[in-house]
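Me: I have a structure open here and would like to go through it with you. Could we start with the helix packing?

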Amino acid sequence: MKKLKTKEVYSLKGNRGMQESMYDVVVIGGGPAGGQASRSLAKKGHKVLLVEKHESFALNNFSSAGMTFEPLKEFDLPDSIVGAYWKDIIIQCTKKKYHWKGETNKGVVVDFQKLRQFLADETVKHGGSVLMGYKYIKKEVTDNGLIIELLKTATSETIKIKTKLAVDATGPLRKVMYDTKEEQPQMVLGSGTEYLIEVEQEVYDRFKDKLLFFLGHKWSIKGYSWIFPMENRILKVGAGKTHIKSIDQEKTNQTTRSITEKIIEEYLQTKEYRIIDKHGGILRYNAGIKDRFYYDNVVAVGDAISAINPRGGEGIRYAMQSAELASNYMSEYLNTGNANFAEYRKKWRQKKLLKWKLSEFSGRRMYSRYTDNQVENRIQFFHKNFSIDDLIASLFNFKYNKLFTRVFQYSFLKLSFLLKKERF
Ligand SMILES: Cc1cc2nc3c(=O)[nH]c(=O)nc-3n(C[C@H](O)[C@H](O)[C@H](O)COP(=O)(O)OP(=O)(O)OC[C@H]3O[C@@H](n4cnc5c(N)ncnc54)[C@H](O)[C@@H]3O)c2cc1C
């Protein structure tokens with residue numbers, strides 16, 4: 001098999017017929033959603049082109065990419081994309097630290113660059129093409145599909161590509177689905193900053209094997225902060241802020257940057273460290289998933305349909321799930337002409353709407369409404385009553401059975417105590 005390079009997998013230089021030929025699907029955006037959509041469609045035998053505006057996935061390596069093992073199994077992802085494994089979860093509140101210990105590994109921190117490169121490579125392996133360094137500019141609807149205009153970022157040269165369908169996988173900006181001036185549904189906004197740093201071995205050893213989250217005003221503002229391990233001596237340190245009124249990117253970045261730097265300076269207690277990369281991204285999701293999923297031969301996936309979970313900002317797994325679901329309906333359309341995309345939207349909303357609404361509700365309370373004491377009390381309750389597996393089930397899989405049972409038991413005990421008191 002041809003060895004694929006990070007920079008440009010297939011360029012126009014080697015593929016002059018690209019502008020003349022008709023694609024089944026042009027996928028815009030090489031994130032987890034776009035990569036999985038093109039991988040899946042290419043596997044199904046469709047003629048696919050994946051387009052990414054950056055020349056290399058190293059240039060927007062923004063995601064912390066912490067997760068359990070399940071997405072690796074669900075999407076048949078190789079160990080080579082794993083940056084580190086974790087078995088403990090720590091929540092550091094303003095006053096106290098709560099530590100859940102796992103006896104075995106419970107999940108991974110993925111190397112985001114390698115994940116996206118892997119999905120692009122898989123697209124090519126299954127007969128698709130990938131174009132790096134080309135930015136989507138606009139679309140024109142035609143009788144048999146769309147004409148997509150792309151700009152080569154390095155030279156400002158533009159090209160036009162014909163396709164039956166296009167996929168909007170541009171993430172929170174939804175560049176393809178909505179024209180620049182078009183109104184979008186109301187969005188909840190957030191923003192995150194992360195530093196990739198190299199630390200001394202002794203410091204790394206204190207933070208390896210753990211996902212560490214910060215809650216409360218000392219180490220986070222209207223959101224949460226984190227320290228995740230990567231390969232030896234490398235840590236990801238970041239802060240996310242949510243439910244902000246407007247994204248003044250510079251101002252928000254200043255806040256999340258200053259918290260990140262405070263954690264590095266004061267919490268890590270490292271004498272020496274080296275910043276390898278500073279990155280970040282924005283979050284824009286519609287609280288009721290009222291997004292447009294399909295319009296004028298464009299199908300949206302991933303963050304472009306608010307697939308990200310609003311409580312923890314876990315988005316990679318759901319970006320890939322939405323891409324997988326959408327690719328079934330795109331394949332059906334390409335094979336039979338049946339445009340059953342309303343069903344795609346219905347199915348996704350049936351699966352996620354209630355869970356996402358509950359997540360948005362609990363996230364909003366935890367990040368924006370609770371005082372430090374209230375945060376501390378909630379986490380203390382969890383720490384007392386929940387094992388690490390219970391915590392993972394509720395944080396990553398939205399299984400709340402144990403929580404509901406414990407809250408019920410607690411309320412019952414409290415009520416019996418009050419009744420007894422009443423009698424004496
Ligand atoms: C700081 C931060 C930390 C996070 N941590 C985690 C985590 O720990 N775990 C987790 O599961 N999720 C995490 N997320 C969320 C997760 O990264 C996203 O939900 C996920 O990446 C969404 O995938 P996507 O493919 O829909 O969009 P994206 O990953 O945003 O991909 C969109 C792609 O489209 C490209 N693009 C945009 N415009 C154009 C254009 N005009 N032309 C061509 N290409 C274009 C972009 O360059 C980008 O590569 C985090 C997010 C942030 C910001």
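Me: Which hand does the crossing of H1 and H6 have?

Reply: In this predicted model, the crossing of H1 and H6 is right-handed. The contact involves Pro 32, Ala 33, Gln 36, Ala 37, Ser 40 and Leu 41 on the H1 side. H6 contributes Ile 316, Ala 319, Met 320, Ser 322, Ala 323, Glu 324, Ala 326, Ser 327, Met 330 and Ser 331.

Me: How do the residues of that contact divide by class?

Reply: The contact of H1 with H6 has 10 nonpolar residues, five polar ones and one charged.

Me: And at what angle do the axes of the two helices cross?

Reply: The axes of H1 (residues 32-43) and H6 (residues 316-336) cross at roughly 35° and come within 8 Å.

Me: Moving to the ligand. How many residues surround it, and which are the closest?

Reply: The ligand is surrounded by 39 residues, and the closest are Gly 29, Gly 31, Gly 171, Gly 302 and Gly 315. H1 and H6 are both among the elements that give two or more residues to this shell. The others are the strands E2 (48-52), E3 (66-68), E8 (134-142), E11 (188-199) and E15 (273-285).

Me: What is the make-up of the shell by class, and which domains does it draw on?

Reply: The shell holds 18 polar, 13 nonpolar and eight charged residues. At least three residues come from each of domain 1 (12-60 + 113-185 + 291-359) and domain 2 (86-108 + 194-285).

Me: Now the backbone. What is phi of Arg 233, and where is that residue?

Reply: Phi of Arg 233 is near 70°, a positive value in a residue other than glycine. Most residues other than glycine have a negative phi. Arg 233 is placed in the loop between strand E13 (223-229) and strand E14 (234-244).

Me: Why does Arg 233 count as partly exposed?

Reply: Arg 233 counts as partly exposed because it has 17 C-beta neighbours inside 10 Å; a buried residue would need 20 or more, and an exposed one 12 or fewer.

Me: What about Gln 269: buried or exposed?

Reply: Gln 269 has 10 C-beta neighbours inside 10 Å, so it counts as exposed. Gln 269 lies in the loop between helix H5 (249-267) and E15, and has a positive phi of about 50° although it is not a glycine.

Me: Last, the chain overall. How many helices and strands are there, and what share of residues counts as buried?

Reply: The chain has 10 helices and 17 strands. Of its 424 residues, 44% count as buried. Among contacts with a separation of 6 or more, 70% are between residues 24 or more positions apart.

Notes:
Residues are numbered from 1 along each chain as its sequence is written. This is a predicted model: local features need pLDDT of at least 70, side-chain atom pairs count only at pLDDT 80 or more; totals for chains, interfaces and linings use all residues. Axes are lines fitted to C-alpha atoms, for helices over the stretch in contact, and angles run from 0 to 180 degrees between N-to-C directions. Helices (H or I, at least four residues) and strands (E, at least two) are DSSP runs, numbered from the N terminus. A crossing is left-handed if the near helix is turned anticlockwise from the far one by less than a right angle, and right-handed if clockwise. Two residues are in contact if their C-beta atoms, placed from the backbone, lie within 7 Å. Ala, Val, Leu, Ile, Met, Phe, Trp, Tyr, Cys and Pro count as nonpolar, Asp, Glu, Lys and Arg as charged, and the others, Gly among them, as polar. A residue is near a molecule or strand if its C-beta atom, placed from the backbone, lies within 6 Å of it. Domain bounds come from an automatic or database domain assignment.
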